[in-house]
Amino acid sequence: MPTNKFVISKPKSSITQISDQGLTKDDFIDDFKQYYVHLLGRDENCRLPYYAGEALSMAIRDRLMERWKTTHQTYKNNDCRRGYYLSMEFLMGRALSNAMLNLGVTDTVTQAMYDLGIEIEELISSEQDAGLGNGGLGRLAACFIDSCATLQLPVIGYGLRYEYGMFTQTIINGEQVEKPDHWLRHGNVWEIERLEYSHGIKFGGRTEIQTDENGEQRYCWIDTSNVLAVPFDTPIPGYQNGTVNSLRLWKAVATEEFNLDEFNAGDYAEAVAAKIAAENITMVLYPNDANENGKELRLRQQYFLASASLQDVIAHWTGKHGNDFSRFVEKRCFQLNDTHPSIAIAELMRLLMDIQGLTWDEAWTITKNTMAYTNHTLLPEALEKWPVKLMQGLLPRLMDIIFEINAHFMAEVSMHWPGDSDRLRRMSIIEEGDEQQVRMAYLAIVGSFSVNGVARLHSRLLQQGLFSDFYALWPHKFNNKTNGVTPRRWLAACNPELASLITETIGDRWVTDLAQLKKLEPYAEDAQFRQRWHAIKQAAKQRLIDYKKRKLDTELHLSANALFDVQIKRIHEYKRQLLNVLHVIHLYNCIKKGDTDNWVARCVLIGGKAAPGYRMAKKTIKLINNVARVINSDADTDNKLALLFLPDYRVSAMEKICPGADLSEQISTAGKEASGTGNMKLMMNGAITIGTLDGANIEIREEVGDENFFLFGLTEDQIAATRDHYDPVAIIGQDEDLQQVMHLLESGHFNQFEPGIFDDLINSIKSSHDPWMTIADFRSYIDAQKCVEDAYRDKDHWTKMSILNCANSGKFSTDRTISEYNRDIWKLKPQPVKHK
């Protein structure tokens, strides 16, 4: 074991003489010492692992830097077709362990730190999670750009550099309390500021028509308030292939730091007002848009991302090709990750016409043949709409263009369906009503050549329901791209013991070709292999127990022999954490009644954040914690049942949870989840899914087989057929177990000193108008959970199921997903990089 005392002798040379980027243990030791001693000014007396982690990160970054420059030069020399991925979120997690893995130096660096008396895990844990995303959308974007680099595709990610990421979640008296997540308080060793690529972003003002020197009339956007977009680049290494792509994040900066006249006059607040207003744009991820100021800030963020990114792409184009855009469609492609960046459709039109001088037809031909749109939701309320009045005030030129796009589009619809005024109303980008609204998803569809969903069911429901009119007009635009996750982070890095066993058994090709895991199937019949698999899982569960104890700072009566039942995801009514709680209450009731024959011990772990303005989701968190407090403090439940809410869920937490999970709860209302990716991460690590036929669950079940998946619940078609006569009160009256669960809730057993606090939750699930139909699936869910218990009692059989889940997870790699995006949409050519 390391001594945990740094052995930092004097470096061999000054910091200006860094080694020649070798990858040996001694190379890393030398460079680590250089940075730790000379740049950071620390020695063996410094006890904070953060500084050692930063020194090591710098040494790793040096190795990426040369590969990064070589990659960029390769793309430039080859004049290749390039892709640009625009996303409001990139939930990257920690970078150090991923960079070491993809460079192929994890073992070497671990040994180097060991020789210095440093535990590598301590350095990895000292790194702050990059707070650039909320949940699945941002994590998917991070997995995508990892796969693009691994597949050597020339793709750049564009996002925002939020000063404060998704809030830090604390639990006080069982309730979520949001605190700022200042993930950049110590800076970010992985990023490089690129001031030379800054761009000005316009807001407000007005438009007028002016005549240029050639007598041509041009629209001009004048009297604007401008903000500067400054890029910060982060390296994205491919897996041991020499490729390092870029993630470019934009920071909003005032064009003038402060007004000196105001300052000298003593009005200090007004002197920096412009600076504060500008920096607010990238201050916080997803400001609460429950008020008008919040809505305006969200729109500012989305336009800021779109305008800065498109200006950047066009600046690089004109630097090489001038204003000749004849091959732009051939050489460039944009992917819009959900509806948030869809303002890019109108912004590209503005830049091409107003700045580059193209005609409407020329600009529209380029726009509609370079933009592609991914939809991530089936919830109509999640498809963004902006008041026309707001857009006219904030983005007047963009609103002019959107009106014009809509006029052309309405003419096309009229030609296709003459006289169908109802269809015109339904399909219009501009929604009429008391207040006109811009339907941003419709703008994305009209202005894109490809529209894809993210799971087979999701894509079918988009075509048959939400976007059925558009599918009838343009069926060729619509396609499916089932999501995935990167196996580098979500198996190789987060579960090294299991990854080592897999590599020992079938070789290491699975890291970049996850379909190779299929070779594990025969080993599910091998008793010795099952024993080794089970031992690795038990060790991971023990580490998870230790992690929970540290995280919750409490003594927990948990055993690694218990069933670890995990539901980790954003808190939302359609994801039905409430159904999970009803089952936990049912188990608690069984214990209190003495119905514990042949009992299966279970630890239920729930984690996730609720949006600050989402009252029902926050009430659900409160209920989970109240139920947990009652159950965990009851001596009758010791070694039988535990319920834990893990606060402040983030990427690094999921990396601890995945290896130790036995059961993966994917229990959303059928037809509501677009895909889900947590289900894939857990499956890849050998967890067995209990779930509805929703999102990617359908495809997971197809891959692993019915016998290795615990299915329950109404299908999407059954829900539609049931909705009009849904009577949850009658269902409760016919189910004794459910009656007892509801009695415990309604009697205030879990809120004895907080009367009525859960009435809204109780009333919502008892309402015939409950869109999530939680009560309808209760009995089926309870029965499926009994099947889980029956299976878990036979540990050898359960281990076999675990192996088969991992073995059949190959489809759910983002390498496969990105290959399909590239094959069908982007059509980029891989660009091998030769690194010296």
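1. Two strands are taken to pair if DSSP finds at least two bridges between them, and strands (E, at least two residues) and helices (H or I, at least four residues) are DSSP runs numbered from the N terminus. By that criterion, strand β18 (residues 563–568) runs parallel to strand β19 (residues 602–607), joined to it by six bridges. Within this pairing, Val566 stands opposite Leu605 in β19.

2. The basis of the note is as follows. The model is predicted, so local features need pLDDT of at least 70 and side-chain atom pairs count only at pLDDT 80 or more, while totals for chains, interfaces and linings use all residues. Residues are numbered from 1 along each chain as its sequence is written, and side-chain values use heavy atoms, with hydrogens and water left out.

3. The two strands of the opening point belong to an open sheet of six strands, in the order β20-β19-β18-β21-β22-β23, with parallel pairing. At its edges stand β20 (641–646) and β23 (710–711), each of which pairs on one side only. Helix α25 (residues 651–660) lies across β18, β19 and β20 and runs at about 145 degrees to β18. Here the axes are lines fitted to C-alpha atoms, for helices over the stretch in contact (heavy atoms within 4.5 Å); angles run from 0 to 180 degrees between N-to-C directions.

4. A nonpolar core is a set of buried Ala, Val, Leu, Ile, Met, Phe, Trp, Tyr and Cys residues joined through side-chain atoms within 4.5 Å. Buried means under 20% relative accessible area, exposed over 50%, and partly exposed in between (1.4 Å probe, protein chains only). The largest such core has 115 residues, of which Phe304, Ile402, Phe467, Phe470 and Trp826 touch the most other members. Helix α10 (residues 292–321) supplies the largest share of this core, ten residues. Apart from it lies another core, of 60 residues, including Ile690, Phe710, Ile732 and Leu738.

5. Ile402 deserves a separate entry. Neighbours within four places in sequence aside, Ile402 is in contact with Ile343, Ala346, Met391, Ile429, Ile430, Val438 and Leu443.

6. The model has 56 salt bridges, each defined as a side-chain nitrogen of Lys or Arg within 4 Å of a carboxyl oxygen of Asp or Glu. One of them joins Arg63 to Asp31, with the closest N and O atoms 2.6 Å apart. Because Arg63 lies in helix α2 (residues 49–78) and Asp31 in helix α1 (residues 25–39), this pair ties together parts that are 32 residues apart in sequence. Arg63 counts as buried at 0% relative accessibility, and Asp31 counts as buried at 1%.

7. Further salt bridges may be listed. Glu347 and Arg350 meet through their side chains (2.9 Å, N to O); both are buried, and they sit three residues apart in helix α12 (residues 344–355), which means a separation of about one helical turn. Arg439 bridges to Glu431, the closest N and O atoms being 3.3 Å apart. Asp420, Asp422, Arg423, Arg425, Arg426 and Asp469 are linked in a network of salt bridges.

8. Arg161 lies in the loop between β2 (155–160) and β3 (168–172), yet counts as buried at 8% relative accessibility. Leaving out residues up to four places away in sequence, Arg161 touches Leu132, Leu184, Glu191, Phe232, Leu249, Trp250, Lys251 and Thr282. With the side chain of Glu191, the side chain of Arg161 makes a polar contact (2.7 Å). A polar contact is a pair of N or O atoms within 3.5 Å; within protein, one must be able to donate a hydrogen and the other to accept it, and residues adjacent in sequence count only if both atoms are side-chain atoms.
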